[in-house]
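Me: I would like to go through this model term by term and ask, for each label, what value stands behind it. Please set the value against the cut-off before drawing a conclusion.

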Amino acid sequence: MLLTTAFVFHVVSGALWTGATLYVVYATVPRATDGTLGREAFVDAAHRLLMVTRWTGVVLPVTGAYLIWRLYVPLDALVTTGRGWAVLAMLSLWGVMNGLVEVGVLRMRREVDPDVGWGRYMAEGFPVERLTGGASVPGAAQLAAVVRPYLLASGALAVLLLVDAALLAGGVPG
Ligand code: HEM
């Protein structure tokens with residue numbers, strides 16, 4: 001029962017996070033770049049992606065660790081089986097993608113708020129209220145240019161994560 005519950009929370013969190021990332025990359029970055037989407041709407045989308053990253057960033061490792069404990073103990077199964085390697089790849093992709101979203105949105109916030117430190121950023125993210133300053137605040141296109149490489153890389157890693165999860169669900173032998 002607990003194993004099933006862990007799988008449910010794990011898969012729902014993974015779907016929410018990868019889906020949110022790919023949606024932001026597909027639907028908001030190009031529109032912020034060409035000026036169709038306003039600065040407030042774009043910053044709000046990026047901030048909400050950051051919040052989804054942080055919430056699922058608690059649920060995924062906790063449920064993932066539980067799944068490892070239930071399914072891969074003794075732990076050498078992680079390095080002696082194809083499924084184990086797929087799980088290690090999942091863990092690594094999660095770590096790198098998390099870092100990319102965090103740093104990308106931080107760099108975007110620093111365009112507006114150059115002195116913001118990690119502590120304040122970790123507490124606040126990049127809420128739309130921080131866009132004070134009227135005309136001196138960079139436009140959506142400039143903000144999008146800063147965060148774009150990070151989000152494109154995150155989108156690519158999200159696809160790899162989904163492929164990895166599909167292999168675990170359907171095909172990796174051993
Ligand atoms: C801390 C990071 C993570 C850890 C430690 C972890 C660990 C695991 C483990 C141990 C399993 C069970 C594998 C098995 O059935 O043999 C699993 C399954 C799964 N994980 Fe992750 N995972 C992590 C992150 C993610 C992320 C970011 C996604 C997003 C796509 C994801 C999606 C899935 C899915 C869909 C399954 C079900 C696959 C199946 O049917 O077996 N996981 N994960």
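Me: Why does Trp118 count as partly exposed?

Reply: Bear in mind that this is a predicted model. Trp118 has a relative accessibility of 43%, and since buried means under 20% and exposed means over 50%, with partly exposed in between, Trp118 counts as partly exposed.

Me: Why is the pair of Trp118 and Tyr121 called edge-to-face?

Reply: The ring centres of Trp118 and Tyr121 are 5.7 Å apart, with the planes at 75°; because centres within 6.5 Å make a pair and planes over 60 degrees apart count as edge-to-face, the label follows from the distance and the angle. Trp118 and Tyr121 both belong to helix H5 (residues 118-124), where they are three residues apart, about one turn of the helix.

Me: What makes Tyr121 buried or exposed?

Reply: The relative accessibility of Tyr121 is 0%, and because buried means under 20%, Tyr121 counts as buried. The ring of Tyr121 also has the charged end of Arg54 over it, 5.2 Å from the ring centre.

Me: How many aromatic pairs does the same rule count, and what makes the pair of Tyr66 and Trp69 tilted?

Reply: The count comes to two aromatic pairs. For Tyr66 and Trp69, the centre-to-centre value is 5.7 Å and the angle between the planes is 55°; because planes under 30 degrees apart would be stacked and planes over 60 would be edge-to-face, with the rest tilted, this pair is tilted. Both residues lie in helix H2 (residues 39-71), three residues apart, which is about one turn of the helix.

Me: Which residues touch the most other members of the largest nonpolar core?

Reply: Of the 24 residues in that core, these are Phe42, Val105, Met108, Phe126 and Leu151. Helix H1 (2-33), H2, helix H4 (82-112) and helix H6 (140-170) are the elements that give two or more residues to this core. Apart from it lies another core, of 15 residues, among them Ile68, Leu78, Met97 and Leu161. As for Val105, leaving aside residues up to four places away in sequence, it touches Ala46, Leu50, Tyr121, Phe126 and Val147.

Me: Which residues does the UniProt annotation "transmembrane region" cover, and what is the helix content of residues 6-29?

Reply: According to the unreviewed UniProt entry, the annotation covers residues 6-29, 49-72, 84-101 and 150-172. In the model, residues 6-29 are 100% helix and 0% strand, with the end C-alpha atoms 33 Å apart. Residues 84-101 are likewise 100% helix and 0% strand, with an end-to-end C-alpha distance of 26 Å. The protein has six helices and zero strands.

Technical notes
Residues numbered from 1 in each chain as written. Predicted model: local features only at pLDDT ≥ 70, side-chain atom pairs only at ≥ 80, totals over all residues. Heavy atoms only, no water. Phe/Tyr/Trp six-rings, centres within 6.5 Å; stacked < 30°, edge-to-face > 60°. Helix = DSSP H or I, 4+ residues; strand = E, 2+ residues; numbered from the N terminus. Buried < 20%, exposed > 50% of the residue type's maximum accessible area, 1.4 Å probe, protein only. Lys NZ or Arg CZ within 6 Å of the ring centre and 35° of its normal. Core = buried A, V, L, I, M, F, W, Y, C linked by side-chain atoms within 4.5 Å. Contact = heavy atoms within 4.5 Å. UniProt positions renumbered as here; feature names shortened; annotations may be inferred.
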